[in-house]
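The following report describes the fold of one protein chain for use in computational work. The sequence and model are shown first.

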Amino acid sequence: MENISSHQHFILNGFSELGALRPILFVPFFLMLLLSLLANSLLLYVIVSQRSLHSPMYILIAGMACVDLSLPLFFCPKMLLSFLFDWRGISLIGCLVQMHFIHFVGAFQSTLLVWMALDRYFAICSPLYYHERMALPGFLKFVVPVLFRNFFLNTLMVSLVGKLPFCVGNVMNHCFCEHMALVGLACGSTTTNNLVGLLTAFLIPVADFVFITASYAVIFCSVLTSGKGGVKALHTCVTHIVVITVSLTIALVAFLSYRIRNGLPAAVRVFFSTMYLLFPSCFNPIIYGIRTSEIRQHIVRMLTCCPFIQTVDCC
């Protein structure tokens with residue numbers, strides 16, 4: 001049997017087509033990271049500091065802000081250093097650890113949208129039992145199984161990749177360790193990895209999307225039969241629907257670009273995969289801050305009452 005040498009060190013070579021212009025990418029991606037950190041930190045501060053916002057709906061929004069705050073930190077610093085100083089190397093262990101955190105936290109983003117749909121379903125369709133069902137003991141039965149699903153599937157997917165021999169090469173045309181990009185460097189059969197990757201995609205984001213769609217379909221039917229009061233309550237769902245639509249659209253494009261031979265330039269695939277992780281982290285806190293009136297009022301009051309240059313006490 002031929003002795004196969006497996007690579008233990010990889011090169012993240014995303015956007016290499018730009019050549020000498022590649023360092024310029026530091027500026028837009030750094031600004032997006034800065035926007036994500038500032039916007040999500042502000043959203044978290046407002047929700048935590050205002051007792052009137054300590055209801056289940058706002059706690060879930062704060063959870064989304066935590067995810068959006070942490071997800072870019074798993075890949076953006078290394079990506080920015082790569083743009084600025086051409087530091088493209090990463091070890092196999094570092095690659096697998098980065099992949100696990102990115103996929104697990106990314107799956108948690110989808111899971112939070114499911115919990116938000118449940119929150120709106122209970123608030124609109126069974127308001128008399130809302131506080132009972134959204135209390136921690138009752139809500140845990142929705143939390144624990146989904147978290148176990150996310151952890152098990154992502155751990156299985158990453159552990160299977162770690163067992164592969166990598167002899168095709170060690171250069172990934174990517175800015176972070178993406179599952180299919182790393183599997184593509186393996187020699188031998190990767191059928192199991194492809195199947196587990198597809199299974200993970202269908203059992204987490206696709207299954208979550210089906211559940212969310214069904215929840216909002218029931219909510220819409222309930223609103224249509226409940227009159228004007230129901231229409232007013234429906235306003236709270238629109239923000240979640242906008243976030244879901246934007247996130248899933250980018251995710252779908254990124255997913256299909258790596259699995260369908262469509263002749264897309266490599267830089268375009270890398271761009272969509274990076275935006276899939278980074279853009280929602282910038283977009284979500286802004287849309288929640290703008291469309292959620294209670295949060296918007298507190299942010300406006302805080303910014304107008306305590307401007308940076310003002311030295312007197314706040315109102």
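Which residue of β2 does Ile11 stand opposite? Ile11 faces Gly89 in β2. The model is predicted, so to speak of local features a pLDDT of at least 70 is needed, side-chain atom pairs count only at pLDDT 80 or more, and totals for chains, interfaces and linings use all residues. Residues are numbered from 1 along each chain as its sequence is written, and side-chain values use heavy atoms, with hydrogens and water left out.

**Sheet**

Strands β2, β1 and β3, in that order, make up an open sheet with mixed pairing; two strands pair if DSSP finds at least two bridges between them. Strands are DSSP runs of E with at least two residues, helices are runs of H or I with at least four, and both are numbered from the N terminus. Three bridges join β1 to β2 in the antiparallel sense.

| Strand | Residues |
|---|---|
| β1 | residues 9–12 |
| β2, an edge strand | residues 89–91 |
| β3, an edge strand | residues 171–172 |

Each edge strand pairs on one side only. Helix α4 (residues 92–125) lies across β1, β2 and β3 and runs at about 85° to β2; this angle, on a scale from 0 to 180 degrees, is taken between N-to-C directions of axes fitted to C-alpha atoms, for helices over the stretch in contact.

**Whole protein**

The protein has eleven helices and three strands, arranged along the sequence as β-α-α-α-β-α-α-α-β-α-α-α-α-α. Of its 315 residues, 44% are buried, that is, under 20% relative accessible area with a 1.4 Å probe, protein chains only. Among contacts (heavy atoms within 4.5 Å) with a separation of 6 or more, 77% link residues 24 or more positions apart.

How values were computed
Buried < 20%, exposed > 50% of the residue type's maximum accessible area, 1.4 Å probe, protein only.
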